[in-house]
Amino acid sequence: MTYFATMRRPFRPTAGFTLLEVLVALVIVGTALAAGLRAVGSLTSNSQGLRASMMATWSAENRLVQIRLGREFPEVGKRSFPCPQGGLNLMCEEEVLTSPNPLLRRIEVSVFDVDNPGRRIVKLIQLVLRPSPV
């Protein structure tokens, strides 16, 4: 027997993955992670919008409840006032309009973000009955 004949061993399949298989797996995992991060980012921005909408609704409801509980019958007109809520700088705009029934007034409260005054977050409308004299 020669030296080379003794050095040769029969071919046995090796256990493990090839470099190509590992790279394909990394691409698949990377794509899945990128899609997951994109979804989480989308949920975060949606939750911020929902939070702003909820805070704006509370601000508008606060003003409408204040009118109801104070038994106010506001004068026709329009006014703006700050109505911060939950750390957000909000501006409320109250517009009082007449209605076909002289005993009722229509009150519209719109809430805007101070940083983006062109964007109305919410608008609530309520009819108020003239208080009866006691």
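The model is predicted, so local features need pLDDT of at least 70 and side-chain atom pairs count only at pLDDT 80 or more, while totals for chains, interfaces and linings use all residues. Residues are numbered from 1 along each chain as its sequence is written, and side-chain values use heavy atoms, with hydrogens and water left out.

Let's start with the cysteines. A disulfide is a covalent bond between the sulfur atoms of two cysteines. Here a pair counts when the sulfur atoms lie within 2.5 Å, and by this rule there is one disulfide. Cys 83 and Cys 92 are its partners, with 2.0 Å from S to S. The link between Cys 83 and Cys 92 is right-handed, with 95 degrees about the S-S bond. Are these two cysteines buried or exposed? "Buried" means under 20% relative accessible area, "exposed" over 50%, and "partly exposed" in between, using a 1.4 Å probe and protein chains only. Cys 83 is buried at 8%, and Cys 92 is buried at 0%.

Next come the charged side chains. A salt bridge is a side-chain nitrogen of Lys or Arg within 4 Å of a carboxyl oxygen of Asp or Glu, and the count comes to six. One of them pairs Glu 93 with Lys 78 at 3.8 Å, N to O. This pair links distant parts of the chain, 15 residues apart: Glu 93 sits in strand 2 (residues 90–98) and Lys 78 in strand 1 (residues 77–82). Strands here are DSSP runs of E with at least two residues, numbered from the N terminus. Glu 93 is partly exposed at 23%, whereas Lys 78 is exposed at 56%.

Glu 108 takes part in salt bridges with two partners. With Arg 106, the closest N and O atoms are 2.7 Å apart; with Lys 123, they are 3.3 Å apart. The pair of Glu 108 in strand 3 and Lys 123 in strand 4 (residues 116–129) also links distant parts of the chain. Glu 108 is buried at 9%, while Lys 123 is partly exposed at 36%.

Finally, look at Arg 105 in strand 3 (residues 104–113).

Conventions. Helix = DSSP H or I, 4+ residues; strand = E, 2+ residues; numbered from the N terminus.
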